[in-house]
Amino acid sequence: MTSTFLPDKRTRPGVEPAPPSADHARGRARRRLLHWLTAVAFQVPALVLFLVLVLLPMLFALYAAFFRWGGFGMPSDYIGGDNFTRLFEDPVFLGDLWRCLLLVVLSLAIQLPFALAMAVLLNQKLRGRAFYRMLFFGPYVLSEAITGVLFGMIFAPDDGLADQILGGIGLDGLGGEWFADPSNVMATLFLVMTWKYFGFHMMLYLAGLQSIPAELTEAALIDGANAWQRFRSVTLPLLAPTLRISVFLSVIGAIQLFDLVWVTTAGGPDHHSETMAVTMFQYGFKRYQVGYASAISVVMFGISLVFALAYQRFVLRRDLQGATTTMRGVAK
Amino acid sequence: MTARSGRKNLPTHVILVVVGAVMVVPLLYAVLSGFKSTDELSRNPVGLPESWVAGNYTDILGSGDFWRLIGNSTLIAVGTTVLIVAVSALSAFSFARFAFRGREGLFTLFTMGLMFPFAVAALPLFLLLRSMGLLDNPLGVILPQAAFGLPMTIIILRGFFREIPGELEEAATLDGCSPFGFFWRVLLPMARPALGTVSVLAVVTSWNNFFLPLLVFTDSTWWTIPIGVQQFQGQYSADYARVFAYLVLAMVPALAFYSVAERQLVGGLTAGATKG
């Protein structure tokens with residue numbers, strides 16, 4: 001085996017580079033091809049899996065969205081953009097979009113700042129710090145299905161823990177219908193999501209905080225900055241890349257929310273907690289309107305894609321430089 | 001970071017205790033409720049059990065059903081993990097150590113996979129699996145889970161593989177190592193911590209997956225724990241105490257695994273989120 005991993009000829013210690021000749025050039029071209037084939041051979045298993053089970057289904061959804069189709073045989077009843085027109089006249093789907101936006105706004109306005117506050121608290125030297133960290137992150141490892149069932153019972157009317165606690169402190173009036181009242185269901189859902197996910201974002205922030213050199217905060221301290229000024233002008237800007245990633249994950253999570261809703265309310269009462277994924281599931285797997293359900297998939301895909309590209313273009317660009325754009329330089 | 005005096009920390013501790021209580025109470029409530037009878041649960045929902053009845057727990061542990069779900073979840077998690085790690089390691093190796101035409105395009109293709117919700121592909125994926133005869137077959141969950149897990153795993157592993165010094169590669173090549181030989185005999189053993197990290201991530205993701213098993217397993221033979229929990233709740237909706245016991249038992253494996261593999265899990269998530 002003579003080939004090295006890199007196509008460029010490198011002077012090896014103790015080996016004189018051979019003088020260039022026509023024969024040598026041909027050999028080099030062959031070596032380069034061999035090198036390319038070797039590199040690509042390692043990609044084949046991943047590529048096959050990814051193409052067949054991720055990309056192909058996505059492309060097929062894009063195709064099926066233009067048909068009236070029940071999911072058996074191949075789609076044949078082409079109806080152009082009718083599924084999409086119908087989608088944007090469907091109050092349930094428009095509600096899905098609104099609820100998705102609501103969850104995003106609530107996450108950004110409440111959940112993530114709360115996670116950041118906890119991360120800042122736990123970034124100090126404290127007794128029990130490791131314990132709290134583990135405790136706050138713990139729910140993240142429970143499945144959404146288990147979390148959903150648990151909170152479905154905690155927020156059960158009257159007998160559930162939530163109502164019992166409120167009753168115990170004389171606030172009976174506040175409890176009652178958590179998941180069952182159309183005007184409360186999204187708030188309840190958001191509470192559960194926060195319980196389950198804030199620890200994850202907190203962990204990200206903690207990792208980010210720990211990478212901030214202590215000298216910078218100390219320098220600000222010496223310059224007479226108070227705690228808020230130090231946080232505002234030193235910590236927050238340096239934490240920005242972590243915050244941007246966390247916002248990204250939060251939004252993508254809201255777009256695809258399914259499990260938690262499915263086990264707690266299945267979208268009810270009367271569609272008031274339905275998400276795009278739940279609507280898609282209802283049409284695709286319960287009512288066999290696969291073409292229409294595919295159109296929902298496509299819109300979800302479109303929203304994710306637009307968001308991801310815009311976010312990458314305008315927000316993440318700085319962070320990803322060096323991670324994806326300078327690859328050529330790194331391997332050499 | 002300067003150490004503060006204990007008194008100055010008091011407000012911090014109060015906040016942490018309150019938040020900690022909010023995190024713990026739902027779990028504790030489930031554990032205690034599991035030790036009550038449903039009858040008692042409606043009379044005494046919040047307090048300690050009047051008499052600790054272990055019957056709910058022992059009944060579930062004594063039934064073969066629960067263990068079958070655990071077995072299924074384990075098999076699927078292990079299968080997924082082995083497949084993801086093997087396939088991603090090969091790919092990440094090539095991305096990290098070779099310069100080849102088309103590399104950046106290919107890598108972008110994989111990273112795009114991170115951005116797209118599984119729900120988008122769920123429907124056609126289901127049809128595809130149906131036509132391949134993979135419904136009610138563990139492979140019907142293992143293969144797609146592996147495929148959707150590739151992007152994250154490849155990104156993390158590529159980051160680790162790039163950190164292994166090039167001199168080692170040269171030395172191995174001079175000693176007559178083929179690229180695969182270097183990968184197998186030098187790189188993988190050196191990257192063991194990274195492989196541990198991505199394995200833990202894959203296990204947890206697979207263990208908690210609900211959507212895909214819900215689509216693929218119509219027959220209860222292959223149900224996994226999350227599906228089992230949902231079904232159990234539907235079946236025993238009147239028997240609250242029993243459902244709580246089931247929930248607690250269903251949580252144990254994940255929490256136990258977390259307590260053992262905390263470091264790798266957190267390391268993987270933070271690496272995955274920041275190395276993107």
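Mentor: Happy to! Let's begin with Ala162(A), which sits in helix α7 of chain A, a helix covering residues 161-168. Helices here are DSSP runs of H or I with at least four residues, strands are runs of E with at least two, and both are numbered from the N terminus. Before going on, keep in mind that this is a predicted model, where local features need pLDDT of at least 70, side-chain atom pairs count only at pLDDT 80 or more, and totals for chains, interfaces and linings use all residues. Residues are numbered from 1 along each chain as its sequence is written, chains are lettered from A and ligands numbered from 1 in the order in which they are written, and side-chain values use heavy atoms, with hydrogens and water left out.

Is Ala162(A) buried or exposed? Its relative accessibility is 13%, so Ala162(A) counts as buried (buried means under 20% relative accessible area, exposed over 50%, and partly exposed in between, with a 1.4 Å probe and protein chains only). Setting aside neighbours within four places in sequence, Ala162(A) is in contact with Ile154(A), Phe155(A) and Trp178(A); contact means heavy atoms within 4.5 Å. Ala162(A) and Trp178(A) are 16 residues apart in sequence, and their C-alpha atoms are 9.1 Å apart in space.

Ile154(A) leads us on to the other chain. Together with Leu150(A) and Phe151(A), Ile154(A) belongs to α6(A), and these residues meet Pro26(B), Leu27(B), Tyr29(B) and Ala30(B) in α1(B). By class, the residues of this contact between α6(A) and α1(B) are 7 nonpolar, no polar and no charged (Ala, Val, Leu, Ile, Met, Phe, Trp, Tyr, Cys and Pro count as nonpolar, Asp, Glu, Lys and Arg as charged, and the others, Gly among them, as polar).

Thr12(B) counts as buried because its relative accessibility is 7%. Not counting residues up to four places away in sequence, Thr12(B) touches Leu121(A), Gln124(A) and Leu126(A). UniProt, in an unreviewed entry, lists "transmembrane region" for several stretches of chain B, including residues 12-32 and 75-95; such annotations may be inferred rather than shown by experiment. Residues 75-95 of chain B are 100% helix and 0% strand, with end C-alpha atoms 30 Å apart.

Now let's step back to the chain where we started. Chain A has 14 helices and 2 strands, and buried residues make up 48% of its 332 residues. Among contacts in chain A with a separation of 6 or more, 65% come from residues 24 or more positions apart.
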